[in-house]
Structures are given as structure tokens and as C-alpha cells.
Amino acid sequence: MIADPSSIDRAVTLVRDEIMPALMAIDGCIGVSCLIERDSGRCIATSAWESMETMTASESQVAPLRSRLTASVGAAGPLVQEWEIPLMHRAQPAPTGAYARLSWLQGDPANADDSIESFRMVLPMLDELPGFCSASLLVDRDSGQAVSTVVYESSAAVARTREVGQSLRNRIAQQAGLDIIEVAEFELALAHLRVPELV
């Protein structure tokens, strides 16, 4: 969602203190995260679920929480997307002040497994980067879209890794036949996803 930049801290507080506890009380919810871009007011709130079935079953309970969040910060209706999480790797917990680089990619839906495998192959290289905390890949097999999230311990660590990040991103895109749609950096305001290690 896009909120008034002056409302970003209020949005994070609401997600942390009210939305997250309500979500975690719903059967199947295994975590919540919140990424923010202070200058633009862009906010990405994510909930993770044990299965497609529990996520689908929760919609009637989640929708009012989503509406409450957007109304409280004066945001327009949010873009709601559902993703599979085929890869999740953590080297260390994300500390306060962590930042993330997100990359949106588009490819042929028939090649989703190739995208996953290409991302898996660069995980050992990410592990070696200074300040690296975690990496995840989300895919939509129907549309062929994917988004990778690489978390670093600080904004300085994100800045130091821009060049190598671009190189690895281009490598994945070339190997899997993906187009790079967007790359953006966000503050990791809330990190409570409890998705298990998936490599």
C-alpha cells in the first residue's frame, strides 16, 4: 500500500501492536513482516501461512484487518497478492535497523522451477556477503512472477552489496529467462516471519 509518508510509523505500530497479534491468533498463520520506504510511504505487509488451505480459509478474518490498516493511514486500497514460498534461507536473525533489497521478476509460468533452481544456486554466494541475514523467493506459478527478498543487517550493508547484488540478479534472470521488472530497497520495520528453512 502507499500511505502518507508521515503515517508510516503509525502504520508500523498498528501492524506490530494490533494487526500481528490478531493474525497470529488465526489458525495457520506462521508470521508477519512489514517493509517500509519512508520517502514514498510505500509499505509491504506480509503474512505467512502453513498452507494454501489455511491462507484461503483465513480471508474472511484477514480482510477486515487489512481494511483497518489502510483506513488508519489514509492509504488507497492495497494490492493483495498470494505467493508460494519455495525458498527461505537465514544466516542470522535480522537486527533492528535491518534493510532489504527486493527484486521483482517476470518469466514464463512454465519455467517457474528453473527460476527457483537459479535462485537456489546463488544462495552460497549471498551467504558470504558482509552483513547478509536472509534470503527468500516468492513465486506465482500461474503468472510467472517472482520476487526475491535479501535482508542485510543495515542500510550500509545494502549499499555495499548493490553491485554484487546486480550481478547475481542478472545471472539469475539470464539463466531462468526472466525479465527484471523492479528493484527497490526497504527498511525492515517488522521481522516476525516464522517460515522454516527451505533450501
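Predicted model: local features only at pLDDT ≥ 70, side-chain atom pairs only at ≥ 80, totals over all residues.
The crossing of H4 past H6 is right-handed. On the H4 side, the contact is formed by Asp-114, Ser-115, Ser-118, Phe-119, Val-122, Met-125 and Leu-126, and on the H6 side by Leu-168, Arg-171, Ile-172, Gln-175 and Ala-176. By residue class, the contact of H4 with H6 comprises seven nonpolar, three polar and two charged residues.

Two cavities of 30 Å³ or more are present in the structure. The volume of the largest cavity is about 190 Å³. Its lining consists of 17 residues, of which Phe-119, Ser-148, Val-150, Arg-169 and Ile-172 are the closest to the centre. Strand S4 (99-106), helix H4 (112-127), strand S6 (145-152) and helix H6 (162-176) each give two or more residues to this lining. Eleven of the lining residues are nonpolar, four are polar and two are charged. Phe-119 of H4 and Ile-172 of H6 also take part in the helix contact described above.

The second largest cavity has a volume of about 50 Å³. Among the residues that line this cavity are Gly-107, Asp-108, Pro-109, Ser-115, Val-139, Asp-140, Gly-144 and Leu-178. Two or more lining residues come from each of H4, strand S5 (132-140) and S6. The lining of the second largest cavity divides into five nonpolar, five polar and two charged residues. Ser-115, one of these lining residues, belongs to the H4 side of the contact with H6.

Terms used: Residues numbered from 1 in each chain as written. Heavy atoms only, no water. 1 Å grid on protein atoms, 1.4 Å probe; cavity = no way out; pocket = protein on both sides within 12 Å on 5 of 7 lines; lining within 4 Å. Points joined across faces, edges and corners; volume = space filled by probe spheres on them. Helix = DSSP H or I, 4+ residues; strand = E, 2+ residues; numbered from the N terminus. Nonpolar A, V, L, I, M, F, W, Y, C, P; charged D, E, K, R; others polar. Left-handed = near helix turned anticlockwise from the far one by under 90°. Contact = heavy atoms within 4.5 Å.
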